[in-house]
Amino acid sequence: MTCEVMAWTNARAVEPCMRHIVTAALLLVGIIHLLPLAGVLGAARLSGLYGIAVEEPNLEILMRHRAVLFGLLGAFFCYAAFRPQQQALALVAGFVSVASFLLLAWTVGGSNAQLARVFAADLLALALLLVGGGAFVYSKATA
């Protein structure tokens, strides 16, 4: 039975459907955040991801470390997708991560095509987080 049919027949059935929405949103945001993990493989991979020359060793260290941090954050989102007690924290962390990048990219401007792709992916992640956050709040309010 679909969530919509259950919701019409039983108001209490809405809450489990909302939990599935939160799970799906966090999994998709987790995958988006795991993609930059490939940058840990080196400067050539970072150049492919971001369209920038990573020739200076200090920049390479910082960008590869950034890749590791994104991997950790993405793994946490995927973990929290199946751990309801961690979902609020994951939603907040995801919103801060995505919104900060979007704000920085928008205010600085002048990004290349690869960063425009990252911007688009983060817009998608923001939409997912808003839907997932709304479902989370709704499920807590009706529980």
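Helices (H or I, at least four residues) and strands (E, at least two) are DSSP runs, numbered from the N terminus. On that basis the protein chain has six helices and zero strands, and its pattern along the sequence reads α-α-α-α-α-α. The model is predicted, so local features need pLDDT of at least 70 and side-chain atom pairs count only at pLDDT 80 or more, while totals for chains, interfaces and linings use all residues. Residues are numbered from 1 along each chain as its sequence is written, and side-chain values use heavy atoms, with hydrogens and water left out.

Taken along the principal axes, the C-alpha atoms of the protein chain fill a box of roughly 60 × 25 × 25 Å. The chain exposes about 8500 Å², of which carbon and sulfur atoms supply 72%; accessible areas come from the Shrake-Rupley method with a 1.4 Å probe, and for residues only the protein chains shown count as cover. Of its 143 residues, 33% count as buried. Buried means under 20% relative accessible area, exposed means over 50%, and partly exposed lies in between (1.4 Å probe, protein chains only). Among the contacts of the protein chain with a separation of 6 or more, 64% join residues 24 or more positions apart, where contact means heavy atoms within 4.5 Å.

The next feature is the largest pocket, with a volume of about 270 Å³. Its lining consists of 14 residues, and Ile32, Leu35, Pro36, Val118 and Ala121 lie nearest its centre. Helix H2 (14–34), helix H3 (43–50), helix H4 (57–81) and helix H6 (113–142) are the elements that give two or more residues to this lining. The largest share, five residues, comes from H6. By class the lining has nine nonpolar, two polar and three charged residues; Ala, Val, Leu, Ile, Met, Phe, Trp, Tyr, Cys and Pro count as nonpolar, Asp, Glu, Lys and Arg as charged, and the others, Gly among them, as polar. A pocket here is found on a 1 Å grid over the protein atoms alone, as an open set of points with protein on both sides within 12 Å along at least five of seven lines, whereas a cavity is a set where a 1.4 Å probe fits but cannot get out; lining residues have an atom within 4 Å of a point. Grid points are joined across faces, edges and corners, and a volume is the space filled by probe spheres set on the points.

Leu35, one of the residues nearest the pocket centre, lies in the loop between H2 and H3. Leu35 has a relative accessible area of 57% and is therefore exposed. Its C-alpha atom is separated by 8.2 Å from that of Phe70, 35 residues apart along the chain. Gly39 lies in the loop between H2 and H3 as well, but Gly39 is buried, because its relative accessible area is 0%. Leaving aside neighbours within four places in sequence, Gly39 is in contact with Arg45, Leu46, Leu49, Arg64 and Ala67. The C-alpha atoms of Gly39 and Gly71, 32 residues apart along the chain, are separated by 9.9 Å.

Within helix H2 itself sits Thr23. Its relative accessible area is 17%, so Thr23 is buried. Not counting residues up to four places away in sequence, Thr23 touches Ala81, Phe82 and Gln87.

For Asn112 and Tyr50 the C-alpha to C-alpha distance is 8.1 Å and the sequence separation 62 residues. Asn112 touches Tyr50, Gly51 and Ile52, not counting residues up to four places away in sequence.

Finally, the structure holds one aromatic pair. The ring centres of Phe76 and Phe77 are 6.3 Å apart and the planes stand at 45°, so the pair is tilted. Rings of Phe, Tyr and Trp (its six-membered ring) pair if their centres lie within 6.5 Å; planes under 30 degrees apart count as stacked, over 60 as edge-to-face and the rest as tilted. Phe77 is buried, with a relative accessible area of 0%.
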